[in-house]
Every structure is written in structure tokens, then in C-alpha cells.
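Colleague: I would like to learn how to read features from a model. Please take me through one, step by step.

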Amino acid sequence: ILFLAFQGVSSFTTISLQNGRVHSGTVQKAAMIDLSARPLNITSLNNGLCDKVMFDQGIQAIQQANAITTSTTTTKSETTTKENEVSSEILEDLRSKSIKDLKLVCSKRSIRYKGLKEQDEFVQAIVDNINDLKDFSVSGHLVPGAFNEISGDILEQEKNSKLPLLLDVYATFCGPCKLVEPEFEVAARRLGKNCRVAKLDSQKYHEVANSLQVQGLPATILIHKGRVVSRREGLVSRDQLMDFVDAFIPKQFW
């Protein structure tokens with residue numbers, strides 16, 4: 001945007017906005033801003049001059065533009081900072097999803113998405129939620145109150161947390177594994193932010209299952225501060241799961 005003020009017969013003082021900053025100089029032809037246009041444009045005039053009123057209006061407009069640019073830059077900077085707190089893998093995955101799939105992610109993470117329209121808005125809402133739950137889930141994949149499916153890599157990231165991790169090691173061919181799934185779901189809702197609840201497919205991640213010394217399915221394993229502190233194999237009820245984690249849950253929870 002360029003504003004010109006009369007200085008002499010053949011030259012004019014210029015004030016311009018470039019990248020959100022005010023610059024000055026001189027030119028040989030007169031021009032002035034068309035303040036009625038949106039976005040603002042420069043309109044050349046035949047031998048026309050910017051009078052004081054127009055000059056003052058130009059100064060006011062450029063100050064407003066500076067303020068908008070600064071605000072936008074700050075917002076973008078804050079957004080970038082927040083995104084940098086989330087792994088590139090998660091960001092790439094979110095940005096590859098359709099809005100329909102992003103709505104499903106929001107629902108799973110209990111994020112209200114009414115009013116969100118653009119993909120970037122959904123991604124930012126999810127990123128904010130992940131950052132808010134950093135103390136709960138280091139990887140950003142585990143959600144309070146949910147029975148989360150995890151990989152071996154996610155388990156490796158999560159196992160050293162101060163919060164206990166209640167893990168169901170299962171297989172798709174295992175009938176009893178399917179019976180305990182709703183029990184874990186109820187336990188997850190009851191435990192909320194006090195314990196992470198997840199499941200690991202022993203067929204996909206058999207090396208991880210072997211490292212956890214799983215000998216029968218379903219296997220219920222409690223991990224706390226990087227160590228397996230308790231385990232059991234076979235069917236288990238929701239109440240038994242609650243008893244299972246009792247010693248590792250803050251007493252005020254009860």
C-alpha cells in the first residue's frame with residue numbers, strides 16, 4: 001500500500017506498508033489510496049495531489065493495517081509454536097484426514113467441534129487438545145476415559161510415565177479377548193485421567209508381546225514408571241480391573 005503527500009511541485013513524500021512496516025521516500029508522480037476499495041488499492045490520479053485529509057486518512061489506514069498484520073503474525077507464530085509441540089508424524093496424519101475423519105477424532109477425544117468448518121480449524125483444535133493432555137499422554141495418542149489402541153512404538157513412549165498404564169494384550173482370533181473388551185471400556189471411563197487404558201494387538205506386535213512375557217490371552221498388564229508391576233491372564237471383570245490398579249491410583253480418586 002502506498003500513500004503520497006504533497007511536498008513540492010514535482011516530488012512527493014511517500015509512506016508505504018511493506019511486510020507490516022512503514023517506510024518513507026520520495027517519488028515524482030502523484031497517487032493516492034482508494035479507501036473505499038477492499039482490499040485497499042493504489043489509484044493513480046492525473047496530476048492529482050493528496051490533500052491533508054487524505055494524507056491523515058492514509059496514515060490512519062496504514063496504522064490499522066500494521067496492527068492487523070502484527071496480530072496475524074502473532075497468531076500464526078503461536079499456532080506454529082503449538083504445532084511444534086506435536087510430533088510431525090501426528091501432524092502429517094491429521095492433515096491427511098478428511099473433515100469427516102477429523103470429526104471422528106474430535107468425538108473420540110471429546111472435543112466440541114460445533115462451529116468448525118475448515119480442515120485447519122479441526123487440526124488446530126486437536127493439536128490444542130493433545131498439548132493440553134501432555135501430562136496424561138506423552139505420545140498424544142492416549143485419551144482420558146477411552147480404551148486406546150496402541151502400537152509398540154507408542155507403548156515405548158508411554159511406559160515411563162508417572163501415570164499407570166493398564167494394558168490389554170489381545171489377538172483378533174481370541175474369543176475371551178472380545179469378552180473382556182467392554183470391561184476395559186467401562187474401567188477406562190471410571191478411571192478417567194487417573195490411569196491410561198490401552199490395548200495392544202499381539203499378532204501385529206508379537207515381539208513386544210514376547211518382551212512383556214505374555215504366555216496366554218487375554219493378558220492384563222499394569223505398567224508403572226517403566227516397570228511391569230502386576231499381571232494376570234484370562235477373563236477379568238471391570239471391578240477386578242479397578243482393584244488391579246488400586247495401589248497405583250491417588251487415594252483422593254476413591
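Colleague: Is Cys106 buried or exposed?

Modeller: Start with the cut-offs. Buried means under 20% relative accessible area, exposed over 50%, and partly exposed in between, with a 1.4 Å probe and protein chains only. Cys106 has a relative accessible area of 0%, so Cys106 is buried. One caution on the source: this is a predicted model, where local features need pLDDT of at least 70, side-chain atom pairs count only at pLDDT 80 or more, and totals for chains, interfaces and linings use all residues. Residues are numbered from 1 along each chain as its sequence is written, and side-chain values use heavy atoms, with hydrogens and water left out.

Colleague: How many helices and strands does the chain have?

Modeller: Helices (H or I, at least four residues) and strands (E, at least two) are DSSP runs, numbered from the N terminus. Here the chain has eight helices and 10 strands. Of its 254 residues, 41% are buried.

Colleague: Why is strand 7 described as largely enclosed?

Modeller: Count its buried residues. Strand 7 covers residues 165-170, and six of the six are buried, so the rest of the structure largely encloses it.

Colleague: Which way do the residues of strand 7 point?

Modeller: In a regular strand, side chains alternate between the two faces of the sheet. In strand 7, Leu165, Leu167 and Val169 point one way. Leu166, Asp168 and Tyr170 point the other way. All are buried.

Colleague: Which strands are joined to strand 7 by bridges?

Modeller: Two strands pair if DSSP finds at least two bridges between them. Strand 8 (residues 196-201) runs parallel to strand 7, with six bridges joining them. Within that pairing, Asp168 has Lys199 as its bridge partner. Strand 9 runs antiparallel to strand 7, joined by five bridges. There, Val169 stands opposite Ala219.

Colleague: What unit do strand 7, helix 6 and strand 8 make?

Modeller: Look at the crossover. A crossover is right-handed if, with the strands pointing away from the viewer, the path from the first strand over the helix to the second runs clockwise. Strand 7, helix 6 (residues 175-191) and strand 8 make a right-handed β-α-β unit.

Colleague: Which cysteines form a disulfide?

Modeller: The test is a pair of cysteine sulfur atoms within 2.5 Å. The structure holds one disulfide. Cys174 and Cys177 form it, with their sulfur atoms 2.5 Å apart. The torsion about the S-S bond is about 85°, so this disulfide is right-handed. Cys174 is buried at 6% relative accessibility, and Cys177 is buried at 4%. Cys195 also counts as buried, at 2%.

Colleague: Where is Gly226 found?

Modeller: Gly226 sits in the loop between strand 9 (219-224) and strand 10 (227-233). At 33% relative accessibility, Gly226 is partly exposed.

Colleague: Which residues does Gly226 touch?

Modeller: Contact means heavy atoms within 4.5 Å. Leaving out residues up to four places away in sequence, Gly226 touches Lys159 and Asn160. Gly226 and Gln157 are 69 residues apart in sequence, and their C-alpha atoms are 9.8 Å apart. Across the chain, 56% of contacts with a separation of 6 or more are between residues 24 or more positions apart.
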